[in-house]
Amino acid sequence: MHHAQMLWDFMSLRQPCTAADAILCLGSNDIQVPRVGARLWREKWAPYLIMSGGLAHQHDLAATGWSQPEADVFSREARHAGVPRDAILCERAARHTGDNFRLTRCLAEESGIMVSGRLIIVAKPYMTRRAQATAEMAWPEVETIVQCEDVELISYLHRWQDPQRILHLMVGDMQRIMVYPERGFQRRQPIPEDVRLAQEALIAQGFDRHLP
């Protein structure tokens, strides 16, 4: 668990909020994401809540098990949490993180919503660093703030029926942080040596089913 904790601490970012043009929830299998987005909307950090995610990852470890696009599931959860329908936009085609930003950018422009200053990004905790690094490539003119559920790793793992699956996903996301800059997908992140060694140790232990 020590190695997993090191990755979690590096990958999970929660930055102080300031007023923004919109809140963007990145689709995933984590239903806490739209709940956090709804709370930020109720706190009036931004006037719009955008859900981005299609029918992605249907046959891999990140599968949601939902028959609807992630955006629709997230939108319904946000409405249950008090966000009115007219404050929510749904981007239903994204299949990966780069899509989340490129397609949301197009949707916002088509909807007449100006996202030119600041964007709050909400994602599952271990996705936040990679989300921000991807946004810096895909939507470089906006300033980004990342937010997620405030939860400890052990509590997060206990929530899932298969905690080992989450560790596979986390190691996979860490590997993407390491290799995706070379592919032009995201900004390079300085990676501490102890984090790099923890990643290698987890892969050696067999947590390699979600590597790119």
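1. Basis. The model is predicted: local features need pLDDT of at least 70, side-chain atom pairs count only at pLDDT 80 or more, and totals for chains, interfaces and linings use all residues. Residues are numbered from 1 along each chain as its sequence is written, and side-chain values use heavy atoms, with hydrogens and water left out.

2. Gly-53. This residue sits in the loop between strand 2 (49–52) and helix 3 (70–80). Helices (H or I, at least four residues) and strands (E, at least two) are DSSP runs, numbered from the N terminus. Gly-53 counts as buried because its relative accessibility is 0%. Buried means under 20% relative accessible area, exposed over 50%, and partly exposed in between (1.4 Å probe, protein chains only).

3. Around Gly-53. Beyond its neighbours within four places in sequence, Gly-53 is in contact with Gly-27, Pro-69, Glu-70, Ala-71, Glu-91, Arg-92, Ala-94 and Asn-100. Contact means heavy atoms within 4.5 Å. Asp-72 is 19 residues from Gly-53 in sequence, and their C-alpha atoms are 8.3 Å apart.

4. Helix 4. Its 14 residues (97–110) should span 20 Å at 1.5 Å a residue, and the end C-alpha atoms are 20 Å apart, which agrees. The expected span is 1.5 Å times one less than the number of residues. Just after helix 4, Gly-112 takes a positive phi of about 75°.

5. Packing of helix 4. Its buried residues include Asn-100, Phe-101 and Leu-107. The buried residues of this helix pack against strand 1 (22–26), strand 2, strand 3 (88–91), strand 4 (118–122) and helix 5 (128–138).

6. Aromatic pairs. The structure holds six. Rings of Phe, Tyr and Trp (its six-membered ring) pair if their centres lie within 6.5 Å; planes under 30 degrees apart count as stacked, over 60 as edge-to-face and the rest as tilted. Trp-8 and Tyr-126 form a tilted pair, 6.5 Å centre to centre with 45° between the planes. This pair links distant parts of the chain: Trp-8 is in helix 1 (residues 2–11), Tyr-126 is in the loop between strand 4 and helix 5, and they are 118 residues apart. Trp-66 and Phe-74 form an edge-to-face pair, at 6.2 Å and 70°.

7. Trp-8 is buried at 4% relative accessible area. Tyr-126 is buried at 0%. Trp-66 is partly exposed at 24%, whereas Phe-74 is buried at 0%.

8. Cluster. Trp-8, Tyr-126, Tyr-156 and Trp-160 form one aromatic cluster.
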